Amino acid sequence: MKEFKVEYLILMDDEGAFCDSKPTFNKLLQVNSDIKISNKKLTYKGGFEVEYGLISGEVENKGQRFFQLTLSATCKHDKLDIFVELLRDIKKIIQKSGGKPEILVDDISTFYSQESYPLIHCIENTMRKLITNFMLRKVGTSWLKESSPETFKVAVEKSKRKDAPQVYKVDFIHLADFLFKPYSVHNTKSLFDKLDSAESIESLNLEQLKEYIPKSNWQRYFSEIVDCEDSFLDSRWRKLYDLRCLIAHNAIVTKRDHENIKQLVEEINNSLDKAIKDIDKISVPADDKEIVAESVMSNINSLYGEFIRTWKRLDTFVLKISKLTNTHVRERTMPDG
């Protein structure tokens, strides 16, 4: 048995209102025949009993009256549904009467938040475990050093989470980008150049063109060992993020929210566990390791991502200038005739 307290502060217009005192407020609630109030007790539907407290007073110079309503139920959590139903009926009555209830205390929301957060904590760490295993075992222990500019390393050192491993410096929502965000292994401009220089459809290699299609790391390396689409996991991770924000920002968390969290965590966890268990079956070609590292580091730091994109554009531009210069030099040095 546990005590669950819910407290509301309700404002009512005082002028011409029929609800202008504690007795009239009590009568208002008892318009619902399922509610009975007596001796600081409220009984709902003949059997569910809660402690009932009410404070009333005037809002200074506003022509309004406030009612501070406290309801405390001592029960097992499986009885919370009927408590929630009572609260819903009370709010409905108050709102229909022009009242504006504001929540001061909601132990029911606190309970479901406390029940939900360990589930989110575990699945977040499972995701970090998978990413760390993949990067260290398949890309290499130096993936951070080899793929990071000096400015980024300094930024990591200045991170508020400086004592945490690299992947633990990434926010919840961006973790999914490591595995599910599509990227191309080739510069898009080189594709345009290839198409522009093609003399016919037959001169193009279909398999080479397909290499330009953006794919996620999940599609490239995990889809063969886990029978689950990256879009399925990505959409569920983002739904879980929205629910996680309710807890992180101290918003109201309901039983339905808690049940959705449980379902989402279970769906995601099944695939992540399978990926961790069979990670030795994954092989990352040597030529792909730098690209994978860059895609991951781009998600750790948005400035680094922009650095990589700008660097590649510059590299392509320099290469093109170099080719044009070499061609021009050869033309000038070729003998006449």
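**View 1. The second largest pocket holds about 360 Å³ of space.** The model is predicted: local features need pLDDT of at least 70, side-chain atom pairs count only at pLDDT 80 or more, and totals for chains, interfaces and linings use all residues. Residues are numbered from 1 along each chain as its sequence is written, and side-chain values use heavy atoms, without hydrogens and water. A pocket is an open set of points on a 1 Å grid over the protein atoms alone, where a 1.4 Å probe fits, with protein on both sides within 12 Å along at least five of seven lines; lining residues have an atom within 4 Å of a point. The volume is the space filled by probe spheres set on the points, which are joined across faces, edges and corners. Of the 16 lining residues, Val84, Arg88, Ile108, Thr254 and Lys255 lie nearest the centre. The largest share, five residues, comes from α2.

**View 2. Six strands form an open antiparallel sheet in the order β2-β3-β4-β5-β1-β6.** Strands (E, at least two residues) and helices (H or I, at least four) are DSSP runs numbered from the N terminus; two strands pair if DSSP finds at least two bridges between them. β2 (35-38) and β6 are at the edges with a single partner strand each, so one side of each lacks a neighbour in the sheet.

**View 3. β2 pairs with β3 (residues 41-44) in the antiparallel sense over four bridges.** Isoleucine 37 stands opposite leucine 42 in β3.
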